[in-house]
Amino acid sequence: MPDLLGLVGILAKFSLYVGILTATGLVFVALVFRLKGLNRLVIVFGLLGLFATLFSFLLRGAALTGDLAGMYDPEMLGILMQTPVGTALIYRLAGLSILLLGAIIGGKGLYFSAIGGGLALWSFDHIGHIPEKEQTLLNIGLFLHLVFAAFWIGILTPLRQLAQSNETLLETARVGHQFGKIASITVPVLILVGLYMAYFLVGSWTGLFTTAYGQLLLFKIAMVAILLGFAAINKLRIIPSLQDGDVGAAKHLAKVISYEWFVILLILAATAILTSSLTLPT
């Protein structure tokens, strides 16, 4: 069981994932589906990611010294800056700053936001269990995994907003249908890459079932399976009903998206625990 500092670290990592993935995903979605009015959400989640980035870095300093004094110890923080933790910090600060600036500018500034979001996602290739394996294919796989995950997370809020107004039902159906076509390609890649990374991280079927890391990873996989079930309901039942003009289908879509958000938060929480307080099976 993590101590108080460990629990705060998990919460910070969770906030980091929510902020970076959602902000970047919203930018991708706004550009791909030509959706307007998402800049404020991008800024909110981008600021969350920025705050969590700085706080997580300071917590690393506290972890080095064993007390909160490490959060503002120049020597400890200077040492951290010379490690992959410092490299990740630079990528995240630069990426999120570009993302926020592009969102504030608006319009074509979102293209800069997309570049910034990409940099922030790339930061995860410099720190964590995957980079420790020092395999280029794994690093590429992780980046693709994060890009597709961000895109999926990014569609949820704008699609739910569209579904809550009778005046935007046709737009809801259009966006939902187009996302379904894209997801039919990206989701299988997301799953395959995730399984590929899980295999290399755990290393054996035994480790998957007998270690805390493996068991939490199984929980995460189960949550992804549930998420896929919700996505299938949207694609095969709800979106076709919307295309046929069924007003009631929009309410069902908004409800299912709320369930999807809950499951995604569980997945991100599990990921935060996996990367913060659990070690890889040996």
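# A chat about pockets, patches and a salt bridge

Visitor: Which residues form a nonpolar patch on the surface?

Guide: Ile-98, Phe-112 and Ile-115 form that patch, and together they have about 290 Å² of accessible area. A patch joins nonpolar side chains (Val, Leu, Ile, Met, Phe, Trp, Tyr) within 5 Å and like charges within 9 Å, using residues with over 30% relative accessible area and no salt bridge. The areas come from the Shrake-Rupley method with a 1.4 Å probe, and for residues only the protein chains shown count as cover.

Visitor: What kind of model is this, and how are residues numbered?

Guide: This is a predicted model, in which local features need pLDDT of at least 70 and side-chain atom pairs count only at pLDDT 80 or more, while totals for chains, interfaces and linings use all residues. Residues are numbered from 1 along each chain as its sequence is written, and side-chain values use heavy atoms, with hydrogens and water left out.

Visitor: Back to Ile-115: where does it lie, and is it buried or exposed?

Guide: Ile-115 lies in helix H5, residues 109-122, where helices (H or I, at least four residues) and strands (E, at least two) are DSSP runs numbered from the N terminus. Ile-115 has 52% relative accessibility and counts as exposed, given that buried means under 20% relative accessible area, exposed over 50% and partly exposed in between (1.4 Å probe, protein chains only).

Visitor: How many salt bridges does the structure hold?

Guide: It holds 1 salt bridge, meaning a side-chain nitrogen of Lys or Arg within 4 Å of a carboxyl oxygen of Asp or Glu. Arg-174 pairs with Glu-171, and their closest N and O atoms are 2.7 Å apart.

Visitor: Where do Arg-174 and Glu-171 sit in helix H8?

Guide: Arg-174 and Glu-171 are separated by about one helical turn, because they are 3 residues apart in helix H8, residues 169-202. Arg-174 is partly exposed at 28% relative accessibility, and Glu-171 is partly exposed with a relative accessible area of 28%.

Visitor: New topic: how many cavities of 30 Å³ or more are there?

Guide: There is 1 cavity of 30 Å³ or more, and about 40 Å³ of space lies in the largest cavity. On a 1 Å grid over the protein atoms alone, a cavity is a set of points where a 1.4 Å probe fits but cannot get out, whereas a pocket is an open set with protein on both sides within 12 Å along at least five of seven lines, and lining residues have an atom within 4 Å of a point. Grid points are joined across faces, edges and corners, and a volume is the space filled by probe spheres set on the points.

Visitor: Which element gives the largest share of that cavity's lining?

Guide: H8 gives the largest share, with 5 residues. The residues lining the largest cavity include Phe-148, Trp-152, Phe-179 and Ala-183.

Visitor: And what about the second largest pocket, which residues are closest to its centre?

Guide: The second largest pocket has a volume of about 350 Å³, and of its 21 lining residues the closest to the centre are Phe-179, Gly-180, Ala-183, Ala-231 and Lys-235. H10 gives the most to this lining, with 8 residues.

Visitor: Last one: where is Arg-34 found?

Guide: Arg-34 is found in the loop between helix H1 (4-32) and helix H2 (39-65), and Arg-34 is exposed, with a relative accessible area of 72%. Although Arg-34 is not a glycine, it has a positive phi of about 55 degrees.
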